[in-house]
Amino acid sequence: MADRTLRGSRMVSFSMETSENVVPSERQIVVYVCPQEHRIELPFSIEAEIPATWECRCGEEALLLDGAAPDRKPVKPARTHWDMLLERRSIPELEELLEERLDLLRASRGEKATKRSA
C-alpha cells in the first residue's frame, strides 16, 4: 500500500495559494501595562475595536496605556446555602423543624423527648 502514495505529496494540509497581490490591512501598535510593570505591545488592525484590558503573561490584567479605565460591573456577593434557606424559611420555623427532627432522632434511639418551651 505504501507503493501507491503519490511521491512528493504531503499528508498534511498545505495551501497552494501564494501571497502575491495580497495587501495586508494597516496596523497600529497598542501598548498595555500590567500592575507588575510588564509592557505588552500588540499589533491590531486600524479597523479593529481595541479592548481596554489584556491578560498579561503573569496572569494579571494589563490596562491600555494612556487609555480610559474600563467600566467595572458591580459584583454581586455569592449566595450561600444559608442565604437561600433564609429566603424560604424564617428562624422560628427553622428552630421548630430542628426540634421535630431531634425528637424523631431521640425516639429512634429510645431516649425521652424533651419538652418544648413555647
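This is a predicted model: local features need pLDDT of at least 70, side-chain atom pairs count only at pLDDT 80 or more; totals for chains, interfaces and linings use all residues.
The sulfur of Cys 34 sits 3.7 Å from the closest cysteine sulfur, the one in Cys 56, and that is too far for a bond.

What about Cys 56, then? Cys 56 is in no disulfide either, and the nearest cysteine sulfur to Cys 56 belongs to Cys 58, 3.6 Å away. Search the whole structure and you get zero disulfides.

Now for the rings. How many aromatic pairs does the structure hold? There are two. One of them is Phe 44 with Trp 54: the ring centres are 5.9 Å apart and the planes meet at 85 degrees, so the pair is edge-to-face. This pair ties together distant parts of the chain, with Phe 44 in strand S2 (residues 39–45) and Trp 54 in strand S3 (residues 53–55), ten residues apart. Tyr 32 joins in as well, as ring pairs link Tyr 32, Phe 44 and Trp 54 into a cluster.

Here is how accessible some of these residues are:

| Residue | Relative accessibility | Counts as |
|---|---|---|
| Cys 34 | 3% | buried |
| Cys 56 | 4% | buried |
| Phe 44 | 13% | buried |
| Trp 54 | 33% | partly exposed |

As for the cysteines, Cys 34 is buried at 3%, and Cys 56 is buried at 4%.

Methods: Residues are numbered from 1 along each chain as its sequence is written. Side-chain values use heavy atoms; hydrogens and water are left out. Rings of Phe, Tyr and Trp (its six-membered ring) pair if their centres lie within 6.5 Å; planes under 30 degrees apart count as stacked, over 60 as edge-to-face and the rest as tilted. Helices (H or I, at least four residues) and strands (E, at least two) are DSSP runs, numbered from the N terminus. Buried means under 20% relative accessible area, exposed over 50%, partly exposed in between (1.4 Å probe, protein chains only). A disulfide is a pair of cysteine sulfur atoms within 2.5 Å.
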